[in-house]
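Let's take a friendly walk through part of a protein chain. Have the sequence and the 3D view ready, and follow along one step at a time.

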Amino acid sequence: MSVSSNAMNDAALQAAPMANARGYWATVGRRIVRDKVSMVCVAILLLILLSALLAPYLHLADPYQGSMIRRLRHIGTPNYPLGTDELGRDMLARLIYGGRLSLLIGISPVILAFGLGTMLGLVAGYVGGWVNTAIMRTIDVFYAFPSVLLAIAISGALGAGIANSIVSLTIVFVPQITRVAESVTTGVRNRDFVEAARASGANAFTIMRAHMLGNVLGPIFVYATGLISVSMILAAGLSFLGLGTKPPEPEWGLMLNTLRTAIYVNPWVAALPGAMIFAVSICFNLLSDGLRSAMDIRS
Amino acid sequence: MGRGGALFLPRLLEYNIMSEATAVTGLEPIEDLGGKAQPLLRVDGLTKHFPVRGGLFGARKTVRAVDDVSFNIGKGETVGIVGESGCGKSTTARLLMHLMDRDAGEIIFDGRQVGHEMTLRELRRGMQMVFQDSYASLNPRLTIEESIAFGPKVHGMADGAARALARELLGKVGLRPEIFANRYPHEISGGQRQRVNIARALALSPRLVILDEAVSALDKSVEAQVLNLLMDLKREFGLTYLFISHDLNVVHYISDRVLVMYLGEVVELGPVEQVWARPAHPYTRALLAAMPSSDPDRRTEVPPISGDPPNPIDPPAGCRFHTRCPFAEALCSNIAPGLTELDTMGHQAACHMAIPRSGHSRAPAA
């Protein structure tokens, strides 16, 4: 007997069930990599994101340089693979540069709301009682407005601008994420391991950080990924209404607005910014679905 | 698997050599005050009522989950609590752990009370708990080593030292650290998980361990192994156990003294051999009679008690057992019997049939 215990020599007890230990997130990662749809979406999103980030190095035409004689060229025109817009600016360059702003104001509100909402929901769900009531009823006030209306109202009040659209969209998404975070937290909070952690003498903050966060983050993350598409569309909507970016800045929502008048002249070119918004939204949605099923592990 | 003294001694020596070689030091157990004679835990009048609302405009009612429960646990003792589902066993455990606020009563740990002579944090060091559901009581996102090391880290141990202690404890509960330390709860079996939970409880060097149906969910063979492990650990670390179970055989096997609970009240307590040999309360008698015996000579003749326990929202007046008791008389539904000493061994029962001159026709005369 090597170690002092009555059961150390019990062969059945030492039988290790699996070849190598793998954590939850590693398992989720492996499952998502095997999912073809998710991987195609990741590839498309990476392509759009990288081209937007690396736009200055891609030898594109100047997205601000217009030409009155080359307006609204069709897709496939020499030197203008995706045609030109109503001011004769290269559509390909504008779409790629436009990705920078569109992705920024589409994704950053969700990231900010993810952080804030998770914190609020975790505290509300874990502490419970009047803290929960205070947080959740305040959240409900925001929840009562339709998100489009709320975004327009806040943006209108704060004034046009990129930073203001990000702020207004964050305010729109915080309540939704808080709600999901709160309900997930309440479910995890009553599990025995949280009781055991309390019994070990840990304070509320330590328990939330060490035991709750890892168990609630997954579902909230899935929900937030799904919100990115909504955020992209809302951001485009704000720009379309003139509450987001201002011309001549390239941004998909704004481009959709300015090209709208050309829809009878050159419908394909006019539809391009919309196609970009559609592609990014649907990719994030499908990725969110993929994540959801990858996380649904039954042992 | 021998648990005799002859086998025990060499094992202890072996452990000492081991611990010197690895030089893993756990947390220092909290100070023993008052010596051997002072009970490790004194519970006096412990009460917990849960409010329940009967519909929107219904009157507020209360579930009397635990009602005026008092008992002592001596140092080094194993006290068992038995009773049907819903009799308040687990609520008692959670109240003792201060995981739930009590409505009334005192919980005195080694002469000290939380909020007066000791802090809640100190109590957590002195008293730990093993839960019934081995899977739910481990965080699925943490490795076994991380789960065990969490407690010591909360109490100020460095990460490396806490992990070393966790591995040491895994060895103590019969799991090879090199195989199990980096596993996740879903990768191991129920018996192995319950061993991990025991190691996690021991990581704070507690003096009292509450085992709330800790072996009830395990297979019989695994249950026996874990019980033997618990007995070994008790000797090795000088532990005191409060063992909660509905399995009378297991309670008989492990306990020195036993508490029988019915609808939130203690109906009988005493040394386990006394209670088993001369059960004084009809409920205890019925429980023991319902126990299957493999010995034909001890086959039960008494019919088992029928029906479910009454709703604890509206417990019967008088003796709470009178609705199911074959010996109930008018007296029983009016006056609640108190716990009465039956002998000098500490055997007590709350039954009019055990109280001299109580008025019950079967009450002793003297």
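## Two paired strands

In chain B, strand S4 (residues 104-109) pairs with S5(B) in the antiparallel sense, over two bridges. Strands here are DSSP runs of E with at least two residues, helices are runs of H or I with at least four, and both are numbered from the N terminus. Two strands count as paired if DSSP finds at least two bridges between them. Within this pair, B:Ile108 stands opposite B:Gln113 in S5(B).

This is a predicted model, where local features need pLDDT of at least 70 and side-chain atom pairs count only at pLDDT 80 or more, while totals for chains, interfaces and linings use all residues. Residues are numbered from 1 along each chain as its sequence is written, and chains are lettered from A and ligands numbered from 1 in the order in which they are written.

## The whole sheet

Now zoom out: four strands of chain B form an open, antiparallel sheet in the order S2-S1-S4-S5. Strand S2 (60-73) and strand S5 (112-113) of chain B each have a single partner strand, so one side of each has no neighbour in the sheet.

Chain B is assigned domain 1 (5-28 + 39-255) and domain 2 (273-349), with bounds from an automatic or database domain assignment. Their contact takes 12 residues from domain 1 of chain B and eight residues from domain 2 of chain B; residues are in contact if their C-beta atoms, placed from the backbone, lie within 7 Å.

Which element gives the most to the side of domain 1 of chain B that touches domain 2 of chain B? That is S2(B), with four residues.

Methods
Contact = placed C-beta atoms within 7 Å.
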